[in-house]
Amino acid sequence: MHGEGDLVTDPAVSKALYDKAKSSDKTLRLYKDAYHAILEGEPDEAIFQVLDDIISWLDQHSTKKVPSS
């Protein structure tokens, strides 16, 4: 997760990390017009989008399939 407008850390750094990560279970989210602190100082709509993305990722990666008995 990275803001495309980040002036502190170039978004290309996150892209490079994503490209080098060997895991196939990875996602890169770049947020248009967002800056460095994507959960603070952004419009509410943008913050809610980031939070929704985090919750969705956690839900997808924490759901256990229980075999039926």
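This is a predicted model: local features need pLDDT of at least 70, side-chain atom pairs count only at pLDDT 80 or more; totals for chains, interfaces and linings use all residues.
Reader: Why is Thr-27 called partly exposed?

Author: The relative accessible area of Thr-27 is 46%.

Reader: Where is Thr-27 found, and which residues does Thr-27 touch?

Author: Happy to say! Thr-27 sits in the loop between α1 (11-20) and β2. Leaving aside residues up to four places away in sequence, Thr-27 touches Tyr-18 and Trp-57.

Reader: What makes the buried residues of α2 line one face?

Author: Ile-47, Val-50 and Asp-53 are buried in α2. Looking down the axis of α2, the buried residues fall within an arc of 125°, so they line one face of the helix. On the other side, Asp-44, Glu-45, Phe-48 and Gln-60 are exposed. The cover over the buried residues includes β2 (30-31).

Reader: How do you know that the reach of α2 is close to the expected one?

Author: Helix α2 (residues 44-62) has 19 residues and reaches 26 Å from first C-alpha to last, against 27 Å expected at 1.5 Å a residue.

Reader: Which residues line the largest pocket?

Author: Among them are Met-1, Thr-27, Asp-53, Trp-57 and Gln-60. By class, the lining has 4 nonpolar, 3 polar and 2 charged residues, and the pocket's volume is about 190 Å³.

Definitions and conventions. Residues are numbered from 1 along each chain as its sequence is written. Side-chain values use heavy atoms; hydrogens and water are left out. Helices (H or I, at least four residues) and strands (E, at least two) are DSSP runs, numbered from the N terminus. The expected span of a helix is 1.5 Å times one less than its number of residues. Buried means under 20% relative accessible area, exposed over 50%, partly exposed in between (1.4 Å probe, protein chains only). The arc is that of the directions from the helix axis to the C-beta atoms. Contact means heavy atoms within 4.5 Å. On a 1 Å grid over the protein atoms alone, a cavity is a set of points where a 1.4 Å probe fits but cannot get out, and a pocket is an open set with protein on both sides within 12 Å along at least five of seven lines; lining residues have an atom within 4 Å of a point. Grid points are joined across faces, edges and corners, and a volume is the space filled by probe spheres set on the points. Ala, Val, Leu, Ile, Met, Phe, Trp, Tyr, Cys and Pro count as nonpolar, Asp, Glu, Lys and Arg as charged, and the others, Gly among them, as polar.
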